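Okay, everyone, let's get going.

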Amino acid sequence: MVIISKTQLNEFGKNHADSADALNEWYETVKQADWGKMADLKQTFNSVDYVGNDRYVFNIKGNNYRLVAMIFFNIRTVFVRFIGTHAEYDKIDCSII
């Protein structure tokens, strides 16, 4: 899959050093994936949740952080829309972020 944007992952990792390894692992896993549908994604990340409007929520670092991504299976592209703590995640509307 093509991932946009690694910069956002790197910046978050700098500000939350304990998340850097988990974000890098997520990035490498997604980069090597070839998902064609939600079932393929669930085989890789069993705990991922679909929240509507092409948005998916991933638990990062043992569920300490949340990552919201738009995934377009037909063009093999993942857009990182949000990374944050649970408290920050609770304040956003995933369907429009």
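So, which residues of the largest nonpolar core touch the most other members? Trp26, Trp35, Leu41, Phe58, Leu67, Ile71 and Val78 do, out of 25 residues in that core. Quick housekeeping: this is a predicted model, where local features need pLDDT of at least 70, side-chain atom pairs count only at pLDDT 80 or more, and totals for chains, interfaces and linings use all residues. Numbering runs from 1 along each chain as its sequence is written, and side-chain values use heavy atoms, with hydrogens and water left out.

By nonpolar core I mean a set of buried Ala, Val, Leu, Ile, Met, Phe, Trp, Tyr and Cys residues joined through side-chain atoms within 4.5 Å. Buried is under 20% relative accessible area, exposed is over 50%, and partly exposed is in between, with a 1.4 Å probe and protein chains only.

Two or more residues each come from α1 (6–15), α2 (20–32), β3 (55–60), β4 (65–72) and β5 (77–85). The largest share, five residues, is from α2. Those labels are DSSP runs numbered from the N terminus: helices are H or I with at least four residues, strands are E with at least two.

Now click on Leu67. Leaving out residues up to four places away in sequence, Leu67 touches Leu9, Leu23, Trp26, Tyr56, Val57, Phe58, Ile60, Val80, Phe82 and Ile83; contact here is heavy atoms within 4.5 Å. There's also a second, separate core of five residues, including Val57, Phe82, Tyr89 and Cys94.

On to the rings. Rings of Phe, Tyr and Trp (its six-membered ring) pair if their centres lie within 6.5 Å; planes under 30 degrees apart are stacked, over 60 edge-to-face, and the rest tilted. That gives eight aromatic pairs. In one of them, Trp35 and Phe45 sit edge-to-face, 6.2 Å centre to centre with 75° between the planes. Trp35 is in the loop between α2 and α3 (38–44), while Phe45 is ten residues away in the loop between α3 and β2 (49–52). Trp35 is buried at 3% relative accessible area, and Phe45 is buried too, at 17%. Ring pairs link Trp26, Trp35, Phe45 and Phe58 into a cluster.

Last thing: charges over rings, meaning NZ of Lys or CZ of Arg within 6 Å of the ring centre and within 35 degrees of the ring normal. Lys6 lies over the face of Tyr27, 4.3 Å from the ring centre, and Arg66 lies over Tyr89's face at 4.7 Å.
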